[in-house]
Amino acid sequence: MGQVSVARPKGTRDLLPDQTSRWRAAEEIAHRVFSSYGYGEIRTPALEATELFARSVGESTDIVHKEMFTFTDRGGRSLTLRPENTAGVVRAVIENGLAHGPMPLRLYYVGPQYRYERPQKGRYREFRQIGAEFFGASGPEADAELLAMLFDFLRALGFRNLSVSINAVPSAMQREGFSAAIREFSRGLHDRFGEDDRRRLEENPLRLFDSKDPETLRALEGAPGAIEFLDTASRAHHDEVLRLLAQLKIPFVENPRLVRGLDYYTRTVFEVTSSDLGAQDAILGGGRYDELVAELGGPHLPAVGFAIGEDRLVDVMPLATAGTARRIRVIPFGAEQAAYALKVAVAMRQAGTGAIVDLDVSGRGFKKALGTAAELGFQEAIIVGSAEVDAGTATVRNLLTREQRTVPLSELK
Ligand code: HAM
């Protein structure tokens with residue numbers, strides 16, 4: 001490995017060509033599947049006003065409390081590298097007038113997000129998400145359709161045995177009863193909670209369920225579930241979502257402990273975890289957020305969405321993306337044939353065969369170049385010597401069988 005005096009920031013990654021092919025495959029499938037459901041792609045800035053996240057993700061969440069990359073720009077404004085993209089999409093929907101346009105509105109995005117977390121397997125400070133947001137439909141069919149799209153996508157990536165973990169939470173406005181019940185339940189448990197969890201209990205008791213402290217989670221066993229505090233309409237919504245999922249044959253498990261680490265959810269919340277990642281690590285999460293658009297200054301506009309952690313997804317996706325393309329290396333016999341070899345390589349690429357055509361520019365001599373090409377996995381070599389230059393031909397050699405034939409340039413394919 002080369003010595004560099006400036007290393008990349010902690011928690012960031014360089015994705016090299018042998019990795020990016022898997023990323024591109026996943027993204028191409030996302031574009032195809034999401035477009036087929038009528039979603040259009042949106043790209044919003046990686047930088048937003050800090051206040052946007054405080055008002056949407058929520059002050060008491062871990063994300064806003066201790067994970068944001070926030071700085072003051074030269075003009076004195078507080079900016080934050082987005083820790084997630086739902087808030088930015090909602091801002092853009094309001095700011096560009098889409099909130100008053102035709103509904104429903106289906107948007108998806110692919111892009112980097114930033115959270116100051118302790119880096120570990122599958123967890124980074126710069127990571128990428130593939131996400132979708134569905135605005136303007138309040139019925140349970142919208143939740144089910146979104147999950148149907150998600151599962152079409154996951155199945156296209158080769159996943160077979162995933163199931164969605166699902167729950168419903170009362171909206172922020174209706175959360176008082178639930179918060180009071182958790183406070184009541186936690187009376188006398190304070191000394192089992194660490195400092196962070198005491199703060200959670202104080203500021204927003206629902207956040208206790210996000211605790212990463214196993215002792216807190218054990219203490220919460222037997223605590224009342226969020227679902228018990230739903231109003232009748234929300235309860236009916238949830239039951240209908242589950243019925244539709246069963247009808248669509250989307251595997252799900254009800255999880256009364258699931259509350260998710262962001263404050264904007266109302267009713268449906270869900271996650272998918274993979275046992276190939278750490279125990280608590282989800283490959284994706286999402287839910288309904290019927291009050292967020294209005295909260296950020298737009299009209300009342302119900303919405304539901306999800307975001308997939310692309311880094312984690314690409315790590316565990318079964319899809320095989322090994323290159324199957326034919327690979328050919330053009331090798332000049334000596335320096336005098338270099339110009340002709342270049343011409344052959346360009347002609348070969350323009351012939352539109354779909355093959356990957358590489359030109360040997362090592363100047364290391366013909367024999368060595370041929371050996372290297374075979375070692376690197378090229379299936380064919382196109383050899384040009386002075387006889388080929390004179391005759392306007394090229395010699396095509398199969399590097400496995402060592403058979404070769406000489407053909408006019410016009411017949412190269
Ligand atoms: P989230 O659960 O905070 O939800 O993030 C979604 C996914 O992003 C996680 O399940 C995880 O796979 C991935 N992720 C989060 N943090 C990291 C990290 N540090 N390193 C690697 N991957 C990470 C949201 O972001 C919501 N905006 C989802 C949503 C969309 N809800 C409604 N619409």
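**First stop: the ligand**

Select the ligand and the residues around it: there are 26, and Glu84, Glu117, Tyr124, Tyr265 and Ala282 come nearest (a residue is near a molecule or strand if one of its heavy atoms lies within 4 Å of it). Before you go on, a word on what you're looking at: this is a predicted model, where local features need pLDDT of at least 70 and side-chain atom pairs count only at pLDDT 80 or more, while totals for chains, interfaces and linings use all residues. Residues are numbered from 1 along each chain as its sequence is written, and side-chain values use heavy atoms, with hydrogens and water left out.

Now pick out some polar contacts (pairs of N or O atoms within 3.5 Å; within protein, one must be able to donate a hydrogen and the other to accept it, and residues adjacent in sequence count only if both atoms are side-chain atoms). Click Thr86: an N or O atom in its side chain is 2.8 Å from a nitrogen atom of the ligand. At Ala282, a polar backbone atom is 2.7 Å from a ligand oxygen. Then try Phe306, where a polar backbone atom sits 3.4 Å from a nitrogen of the ligand.

**Second stop: α2 and α4**

Switch to cartoon view for the helices (H or I, at least four residues) and strands (E, at least two), which are DSSP runs numbered from the N terminus. Select residues 50-58 for helix α2 and 86-95 for helix α4: their axes come within 9 Å and cross at roughly 110°. Axes here are lines fitted to C-alpha atoms, for helices over the stretch in contact, and angles run from 0 to 180 degrees between N-to-C directions. So α2 is roughly perpendicular to α4 (under 35 degrees counts as roughly parallel, over 145 as roughly antiparallel, 65 to 115 as roughly perpendicular and the rest as oblique).

Which residues make the contact? Show Leu52, Phe53 and Ser56 of α2 with Ala87, Gly88 and Arg91 of α4; contact means heavy atoms within 4.5 Å.

Next, select α5 (residues 140-156) and α9 (residues 232-247), whose axes come within 8 Å and cross at roughly 40°. That's why α5 counts as oblique to α9. On the α5 side, show Pro140, Glu141, Asp143, Ala144 and Leu147; they meet His237, Glu240, Val241, Leu244 and Leu245 in α9.

From α1, display Ala26, Ile29, Ala30, Val33 and Phe34, and from α5, Met149, Asp152, Phe153 and Ala156, which together make the contact.

Zoom in on Met103 and Pro104, where the peptide bond is cis, with omega near 0°. You'll find Pro104 in the loop between α4 and β5 (105-114).

Where is Arg267? Look in strand β9 (residues 267-273); this non-glycine residue has a positive phi, near 65°. Finish at Arg402, in the loop between β15 (393-398) and β16 (404-408). Arg402 isn't a glycine either, yet its phi is positive, about 65°.
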